[in-house]
Protein chains: 2
Amino acid sequence: MLYLIGLGLSYDSDITVRGLETVRKCKRVYLEAYTSILMAADQSTLEKYYGREVILADRELVETGSDQILEGAKEDDIAFLVVGDPFGATTHTDLIIRARELGIPVEAIHNASVMNAVGACGLQLYQFGQTVSLVFFTDSWKPDSFYNKVMENRKIGLHTLLLLDIKVKEQSIENMARGRLIYEPPRYMDIATAAQQLLEIEELRGEKAYTPDTPCVAVSRLGSPQQKFKAATLSQLAEYDSGEPLHSLVMLGRQVHDLELEYLYQYVDNKEEFKNFVVEDQEFFKPPPYVPAEEVDSD
Amino acid sequence: MLYLIGLGLSYDSDITVRGLETVRKCKRVYLEAYTSILMAADQSTLEKYYGREVILADRELVETGSDQILEGAKEDDIAFLVVGDPFGATTHTDLIIRARELGIPVEAIHNASVMNAVGACGLQLYQFGQTVSLVFFTDSWKPDSFYNKVMENRKIGLHTLLLLDIKVKEQSIENMARGRLIYEPPRYMDIATAAQQLLEIEELRGEKAYTPDTPCVAVSRLGSPQQKFKAATLSQLAEYDSGEPLHSLVMLGRQVHDLELEYLYQYVDNKEEFKNFVVEDQEFFKPPPYVPAEEVDSD
């Protein structure tokens, strides 16, 4: 059996009781170590906590060496640990499909991930549109496919969760060219970089998917003891010191409910100023509704 | 301290280790018992598992008697247990705001909820739009505010998660009128009812947010030992026997990736037929993109 086990967001003890019991009975335990990190625990903490050896699985192992992970999984129990929930990244779907091809039964043990825990910032989860990813820009590569998606969400009034880039076990171009297996130190995008990149693309595209005054919520170290939220405009966040990773960013949609706004006030510097920015942003980006027919009822 | 603790989806052991440790040290333990249920455990199972008395909190207690829940929470630890994640329902945000007004510190211990665990069906979470709720229709009350939202999601190609109604501790109109505290047996909307209601509203509105041939995924007993997925069209699902609760429904968006489709094939009756429905649905509902400018790059 292949068990995909979500570890949640931060502590070693964020694993579920069922997850922990399962890990402890597995023959081999892999930890997926490239799409996210557990903020308050590392490999050795986990090994001690589980009482088991934990094998770090990098992108190469998961994407091209999956048969190695799955070896013997028809007879033995293998655990594949994922920070957050196992279905957070496409790469794990590949592993499941491969397991099924090999006739290996698969069971998932779910856990919290940023995709649902972001509700802790006070914005309602059902008001979020599609999620986008923001990768580190280089001088020559500034991918902006997120821009249209943010625009689509905002046109229909929805909030957007922006997942910020994580670079783990990356080689420099020079080292890669020379075939040297030397890895750069890990990099985690902070809020200021994310906000600056967003503003840079708006500057380039100029289609007003958002403005420097668009209100956002900086989500830092979600679920950890140092969790922090900051509600401010994009230009204010471009100068915000968000501290240690991990971070995500939420851009507000037009349909901000009073209850959401009230909740956000505890994270702002100036309540009146923030409220004005929200109202302005709503006015600024108020397209006609797509469906002109009147609702016959509402729930 | 008020602890809001997510219980996950099904088993008593789906609580996190940190959650369980916290419950066991709390003076009073409430279980929110009206927005969802834990499929493989009930109040007495949980009491035994925690070694604590568990107080059921109905809507009335949470929404109008929150000060009773919060009594003494400045000095003592109080646990408020929520199936799924604590931030799944607006009603819990109210409780947090009230706690903060009273100067009571609040900590959330997150867990999986349908909002992220639905990724187990094989559709990618970041491709979901806003979430909608479908309530039981009566002869005179057929709320269809979900319809515009489904339309908005589908126009930009996104999947829609539809949460299906749960009626717990409801009074009949007659009993309510006579002031009799007699409650109806709990009702959980099944897949066939959801599909029929969707088709009824499309019939009434006729704006083609979807058609009887629109492909969907029935999500039954997510995270439980009897978890089951079924991929079929809306009209096929209108006759589907989905079995015991709980259920959710996902309506596919236009942007179905090959990897998603490949994953769904394991849940279909006829692979070729399903594929044709997906292609037809994509063709049928292919609006011009909202943002005509070409992307300069893509990631």
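# Exercises on a two-chain model

The side chains of A:D14 and B:R18 form a salt bridge, with an N to O distance of 2.9 Å. A salt bridge here is a side-chain nitrogen of Lys or Arg within 4 Å of a carboxyl oxygen of Asp or Glu. This is a predicted model: local features need pLDDT of at least 70, side-chain atom pairs count only at pLDDT 80 or more, and totals for chains, interfaces and linings use all residues. Residues are numbered from 1 along each chain as its sequence is written, chains are lettered from A and ligands numbered from 1 in the order in which they are written, and side-chain values use heavy atoms, with hydrogens and water left out.

## Exercise 1. Confidence

Task: state how confident the predictor is in chain A and in the complex.

Step 1. pLDDT is the predictor's confidence in each residue, from 0 to 100. Chain A has a mean of 92. In chain A, 95% of the residues reach 70 or more.

Step 2. The complex gets an ipTM of 0.92 and a pTM of 0.93.

## Exercise 2. Symmetry

Task: find which rotation superposes chain A on chain B.

Step 1. Superpose by least squares on the C-alpha atoms of residues with pLDDT of at least 70 in both copies.

Step 2. The rotation is 180°, with 0.0 Å of shift along its axis and an RMSD of 0.0 Å. That is how a two-fold axis relates its copies.

Step 3. Both copies use the same surface: 100% of the contact residues of chain A recur in chain B. Contact means heavy atoms within 4.5 Å.

## Exercise 3. The interface

Task: describe the interface of chain A and chain B by area, polar contacts and elements.

Step 1. Count residues. On chain A, 66 residues are in contact with 66 residues of chain B.

Step 2. Take the area. The two chains bury about 5,900 Å² between them, 55% of it on carbon and sulfur atoms. Buried area is the accessible area (1.4 Å probe) that two parts lose on being put together, summed over both.

Step 3. Look for salt bridges. The rule finds two across the interface.

Step 4. Name the elements. Helices are DSSP runs (H or I, at least four residues), numbered from the N terminus. Several give two or more residues to the side of chain A that touches chain B, including α1 (17-25) and α7 (145-155). The largest share, seven residues, comes from α5(A).

## Exercise 4. Inside one helix

Task: explain why A:R59 and A:E63 are about one helical turn apart.

Step 1. These residues are four apart in helix α3 (residues 59-64) of chain A, so about one helical turn separates them.

Conventions
A polar contact is a pair of N or O atoms within 3.5 Å; within protein, one must be able to donate a hydrogen and the other to accept it, and residues adjacent in sequence count only if both atoms are side-chain atoms.
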